[in-house]
Amino acid sequence: MTETSPSFPKDLIDLDDLTPGQITCVLDAAENFKEVSEREIKKVPTLRGKLVVIFFHENSTRTRLSFEVAAKRLSADTVALSASGSSLAKGESLLDTARNIEAMRPDALVIRHGASGVPGFLARRLKFPVLNAGDGAHAHPTQALLDMLTLREVKGRLEGLKVAIIGDIAHSRVARSNMIGLVKMGGRVAVAGPPSMLAPELAEIYGVEVYARPEPALEGADAVMMLRIQLERQSGALFPGAREYARVYGLNRERMKLAKDDAIILHPGPVNQGVELTPDLYDDERSVILPQVTNGVAVRMALLCLLIDNPDKE
Amino acid sequence: MTSILIKNGRLIDPSQNIDGPRDMLLKNGLVAALERPGALPEAGSRVIDARNRWVLPGLIDMHVHLREPGHEYKETVASGARAAAAGGFTAVVAMPNTSPVMDKAEVAAAVMAKGRQAGAARVWPAAAMTLGRQGEELAEYEDLKAAGAVAVTDDGAWVTDPKVFRRVLDYAAVTGLPALSHAEDHALSKGGAVHEGRVSTRLGLPGIPAQAEINAVMRDINMVELSGRPLHFCHISTAGAIEAIRAAKKRGLPVSCETAPHYLFLTHEAVGDYDANAKMNPPLRAPEDMAALRAALTDGVVDVIATDHAPHSVLEKEVEFIDAAFGVIGLETSLPLMMELVAAGVITPGRLAELMSTRPAALLNLPGGSLAPGRPADVTIVDPDLSFALKPEDSLSLSKNSPFWGRPFKGRATQVIVGGIIVHELAKAEG
């Protein structure tokens, strides 16, 4: 955004694509963009005449809405595609869809897909920027960036913070991107979940602490990130049930005492209230779940600008 | 039929304990004579000068998928047989997961006939163990054997019911058809895309634990113990399975196994950024598994190298990684890769001949596997010093799903002779 801002890669697939300097640059830009959302006329002309294709192959309310709002506040035109509304429902292959989108000459593609690896697959085949809005259990970089923006706003820094991430780590793209991003920015990450929800070699790959119980992760944490539990996974014997999960892993006032007094509570949403955390904590002043949503728009505005308006792509 | 005299070569034939200079005369489709260099008359024969080359009993790949009938856009019997010959093979064994499944004599007979028409490597069908490869009812082994089948296997599927599997072993043994097991505990592997470990975690993909293979191998070994019947394990990929098979052999049980070249050269890290050409079943494993497989090549626990040649088109591979079909082609890269192991001192040339010819021929009672006079004239001549790299457009397979394009190879088949007929000869420009 400024003359000293670092150049950016063509795409954003995961946070391993960005250096700490680039991450800081995104967060700084997002902070500036937050002001736009407070104006009476919440719009800047930065991306006027640009077309952003927003392709959601998997259901999502907030991420999709967030990207649309972000693009519109930058004056970009948006086209939203969903799996059922596109030819994919008629059996068109991913490759064909990509080629057809390309033929329409958009300026960026925002993609959410249920299969890990799809955004990278498309990015290698498309000439314009691809932004990963979440792929399978792989990555959700914009979520991690908005989490980091929220943390930085409240705590004033990322370096040295202890962040506990609790829940289904194995199947969570949010956890993966946050582990990469927070560790990269000098944070200390402790993940916890039932053994069936911890993936092999987490500590070695991501440089995080791994626990099968929430208490050691919560101990002295500056922030607690609770992950959404997919209740349907109960059938695969991944966990005994919502009741036991809430008892052992759920966040409540008592358990929250293990964290620092000023610790904040994050959740990527949507929340299973009473499972991941008790309803009173959702509304607690320490909860930043709704500010996360506001920050999501700002982070996505920053990324759309940086990638579309990216004269010196790496 | 003209005769062929192969002169000045280094003949490597473990079946006769030969590794040295020999001239060989092929006549009427058989090996007619083996003599010291210069001892056989050239007159009346086509002469092949095999100076600085290895003369091997024809290589046999006992595990390939030729996709016919049913998926001829991926491979046909003819294209597969030609790719096999180009890779140095004189015979291949085609797996039964065709459409219709090779559980009826007619299907086996049709594949036999197409193989003969191809005039390249010999094609032997492996019939299904159970009807439709469903693991429930036995196929008619006598009928299938009469039609040309040389083994039974439900490859791609494991016979989960131990009682059914016990019957399979009994009937196969009585029929004289070797049983080949695709050992995979599906309850543990279902839904998985890559080896469970570092890479599955990093990529957010469901994993296939090593124990999916080990569980199945151990159950199968128990059934071998119960029935006393022999069993061969297909495409072993894990250190744990090797350990179990080693122990079973030590106890004197009639088990054998094969592994594929890709498990000897690649680990799960080859999946990289969701490369579907590194997706196969069983999956590429951890470095420890690769090391254990290499060690088992030398100590004899691995009996056979087979490619598990599994052609798929871009329609199955250029898709979401989780939906991409399992498998890679291997017929034209198998020998060059194994030559790399010879050059690295992991195996001797004689051991290569055992793994790729003598043992598979013996296990499946196939003609070939030996260049003793009177045996079929199935011969592979290899230039061990020939450097090359394979490009997709040069491959004779109809499918191009290989992780080895462009790899610098040294060692290639220059002539491949089946039944006394040269079915593949490298052009001078290439050689």
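Predicted model: local features only at pLDDT ≥ 70, side-chain atom pairs only at ≥ 80, totals over all residues.

Residues are numbered from 1 along each chain as its sequence is written, and chains are lettered from A and ligands numbered from 1 in the order in which they are written.

**Domains**

| Chain | Domain 1 | Domain 2 | Distance between centres |
|---|---|---|---|
| A | 15-140 + 293-308 | 141-288 | 25 Å |
| B | 3-55 + 375-425 | 59-364 | 26 Å |

In chain A, 23 residues of domain 1 and 21 residues of domain 2 form the contact, two residues being in contact if their C-beta atoms, placed from the backbone, lie within 7 Å. On the domain 1 side, two or more residues each are given by α1 (20-34), β4 (130-135) and α12 of chain A, with α12(A) supplying the largest share, 6 residues. Helices (H or I, at least four residues) and strands (E, at least two) are DSSP runs, numbered from the N terminus. This side of domain 1 of chain A divides into 12 nonpolar, 7 polar and 4 charged residues, where Ala, Val, Leu, Ile, Met, Phe, Trp, Tyr, Cys and Pro count as nonpolar, Asp, Glu, Lys and Arg as charged, and the others, Gly among them, as polar.

In chain B, the contact takes 29 residues from domain 1 and 42 residues from domain 2. The elements giving two or more residues to the domain 1 side are β1 (3-13), β16 (379-388), β17 (409-418) and β18 (421-425) of chain B, and β17(B) gives the largest share, 7 residues.

**A helix pair in chain A**

The axes of α2 (residues 62-73) and α12 (residues 289-308) of chain A, lines fitted to C-alpha atoms over the stretch in contact, come within 8 Å and cross at roughly 55°, on a scale from 0 to 180 degrees between N-to-C directions. Therefore α2(A) is oblique to α12(A), since angles under 35 degrees count as roughly parallel, over 145 as roughly antiparallel, 65 to 115 as roughly perpendicular and the rest as oblique. Among the contributing residues are A:Phe67 and A:Ala70 of α2(A) and A:Val297 and A:Leu304 of α12(A).

**Between the chains**

Chain B brings 16 residues into contact with 19 residues of chain A, and its side comprises 6 nonpolar, 3 polar and 7 charged residues.

Note on methods:
Domains from an automatic or database assignment.
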